[in-house]
Amino acid sequence: MTEPDAARLQIHVRRVASGDGTLESEPEVYCPPRDKSMPVSDCESCEDYAGSGIDLDAGRNFVLCRRLTSESARSLRAARRAYIGRRMTVEGTSPSERTPVTEIMTSDVLCVREDLPLSQLARLLLDRGVTGAPVVNERGEPIGVVSQHDVLGVDRPATVGEVMTRLTFVLPESASISQAAALMSFEGVHRLPIVSDDGKVVGIVSPLDILRWLARLDGYLMPERR
Ligand code: SF4
């Protein structure tokens with residue numbers, strides 16, 4: 001791209017499958033100056049928008065924001081991490097306390113609606129190579145989670161809403177990896193939706209994401225996940 005001094009901000013995509021057969025994609029980007037996620041279409045109409053592109057190495061789409069230079073984006077992230085660390089610890093901070101969970105979450109996340117038939121859910125999970133998905137309402141807010149285990153043993157036509165687990169836990173996108181690890185291990189949950197300030201799903205994190213991050217931290221080469 002020809003915007004060397006514009007910051008790259010990763011796009012996350014919420015794909016919502018409904019019972020009427022539609023699969024809507026809602027790409028969003030976290031806007032540091034506004035401190036919230038917003039639709040990429042809003043970003044495109046901002047005077048600081050400088051284009052978009054794809055990082056071929058990481059397989060991730062991004063927008064270029066002129067408001068932030070690469071350097072200032074790094075400083076903002078560093079300031080945010082420091083804040084999280086101060087809030088959470090009494091003595092010092094660890095890498096998992098300093099690193100936002102958004103850095104390891106799956107940012108191209110499949111979501112489903114309650115009216116989706118289980119037969120379609122099973123096919124979607126298989127196609128995407130995932131074992132579960134957040135269930136969202138019409139505003140994109142999580143109301144439950146559903147997994148392939150919920151489909152097993154159901155021998156009649158049924159919908160996601162009939163078998164899903166009602167949602168009890170989410171984390172904000174400002175949370176750290178250690179908060180995600182603590183919540184998942186304490187509550188025994190295997191996937192945790194990450195939500196924006198307005199409560200919409202922006203990603204999902206699993207224990208495997210944390211294990212990959214730990215392995216990478218110790219120098220092991222791990223393939224990127226989206
Ligand atoms: S281009 Fe505008 S809306 Fe998009 S991230 Fe930058 S400041 Fe925010």
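The model is predicted. Strand E5 spans residues 60-65 and pairs with strand E1 and with strand E4. The largest cavity has a volume of about 90 Å³.

**Strand E5 and its partners**

- Five of the six residues in strand E5 (residues 60-65) are buried, so the strand is largely enclosed by the rest of the structure.
- Strand E1 covers residues 7-17 and runs antiparallel to E5, with four bridges joining the two.
- Within that pairing, Arg8 stands opposite Leu64.
- Strand E4 covers residues 49-55 and also runs antiparallel to E5, joined by five bridges.
- Here Gly53 stands opposite Phe62 of E5.
- In a regular strand, side chains alternate between the two faces of the sheet.

**The cavity**

- The count comes to one cavity of 30 Å³ or more.

**Thr106**

- Thr106 sits in the loop between helix H3 (95-98) and strand E6 (108-112).
- Its relative accessibility is 12%, under the 20% cut-off, so Thr106 counts as buried.
- Thr106 and Val202 are 96 residues apart along the chain, yet 8.8 Å separates their C-alpha atoms.

Conventions:
Residues numbered from 1 in each chain as written. Predicted model: local features only at pLDDT ≥ 70, side-chain atom pairs only at ≥ 80, totals over all residues. Heavy atoms only, no water. Buried < 20%, exposed > 50% of the residue type's maximum accessible area, 1.4 Å probe, protein only. Pairing = 2+ DSSP bridges. 1 Å grid on protein atoms, 1.4 Å probe; cavity = no way out; pocket = protein on both sides within 12 Å on 5 of 7 lines; lining within 4 Å. Points joined across faces, edges and corners; volume = space filled by probe spheres on them.
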